[in-house]
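Subject: Structure for you to look at

Hello,

Please find the structure below. My notes on what was found in it follow.

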Amino acid sequence: MALERKALTNKILVLGVDGMDPRLTRKYVDEGKMPNVKKYIERGACREDLVLLGGHPTVTPPMWTTLATGCYANVHGITGFYRYSDKGLDTIEYNLDSTKCKAEQVWNVFAEAGKKTL
């Protein structure tokens with residue numbers, strides 16, 4: 001017998017702020033300087049300590065790709081800001097390129113399941 005749970009809503013918003021320090025954010029929320037972030041926290045949108053667990057390396061391109069796919073860098077293939085080019089080892093290219101991602105992005109999975117995405 002499978003357990004089923006009804007969703008609280010039919011809509012999902014993913015909000016990501018690159019480089020947002022969880023300790024500083026917690027301090028400002030506690031001081032009342034970030035009331036809207038406090039509302040997200042109170043609704044259960046994140047861990048209470050605001051720490052994101054999981055992905056490595058903790059730099060922008062692999063972390064955003066991990067968020068978009070649910071896969072770690074060893075699966076999706078985006079491991080840093082730059083990568084060696086297909087043209088040879090003496091050429092590097094910017095690595096935040098969705099065409100180089102080897103995993104399916106979550107919005108594509110939703111669309112294939114008949115859900116609207118934006």
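The second largest pocket is lined by 19 residues, and K11, I12, L13, V14 and F110 lie nearest its centre. A pocket here is worked out on a 1 Å grid over the protein atoms alone: it is an open set of points where a 1.4 Å probe fits, with protein on both sides within 12 Å along at least five of seven lines, and lining residues have an atom within 4 Å of a point. The space in this second largest pocket is about 950 Å³, where a volume is the space filled by probe spheres set on the grid points, which are joined across faces, edges and corners.

Please keep in mind that this is a predicted model: local features need pLDDT of at least 70, side-chain atom pairs count only at pLDDT 80 or more, and totals for chains, interfaces and linings use all residues. Residues are numbered from 1 along each chain as its sequence is written, and side-chain values use heavy atoms, with hydrogens and water left out. The chain has an average pLDDT (the predictor's confidence in each residue, from 0 to 100) of 86, and 97% of the residues score at least 70. Helices (H or I, at least four residues) and strands (E, at least two) are DSSP runs, numbered from the N terminus.

Back to the pocket. Its lining divides into eleven nonpolar, three polar and five charged residues. Ala, Val, Leu, Ile, Met, Phe, Trp, Tyr, Cys and Pro count as nonpolar, Asp, Glu, Lys and Arg as charged, and the others, Gly among them, as polar. Helices α3 (60-69) and α5 (106-112) each supply at least two residues of the lining, and the largest share, three residues, comes from α5.

Is helix α3 mostly covered or mostly uncovered? Eight of its ten residues are buried, so it is mostly covered; buried means under 20% relative accessible area, exposed over 50%, and partly exposed in between (1.4 Å probe, protein chains only). The buried residues of α3 pack against α4 and α5. One of them is T60, which counts as buried because its relative accessibility is 18%. Not counting residues up to four places away in sequence, T60 touches D18 and F81, contact being heavy atoms within 4.5 Å. Just after α3, G70 takes a positive phi of about 80°.

The loop between α2 (35-42) and α3 holds H56, which is exposed at 60% relative accessibility. Leaving aside neighbours within four places in sequence, H56 is in contact with M63 and A73.

The structure holds one aromatic pair. The ring centres of Y82 and Y94 are 6.0 Å apart and the planes stand at 70°, so the pair is edge-to-face. For such rings (Phe, Tyr and the six-membered ring of Trp), centres must lie within 6.5 Å; planes under 30 degrees apart count as stacked, over 60 as edge-to-face and the rest as tilted. The pair links distant parts of the chain, with Y82 in strand β1 (residues 82-85) and Y94 in strand β2, twelve residues apart. Y82 is exposed at 53% relative accessibility, while Y94 is partly exposed at 44%.

Regards
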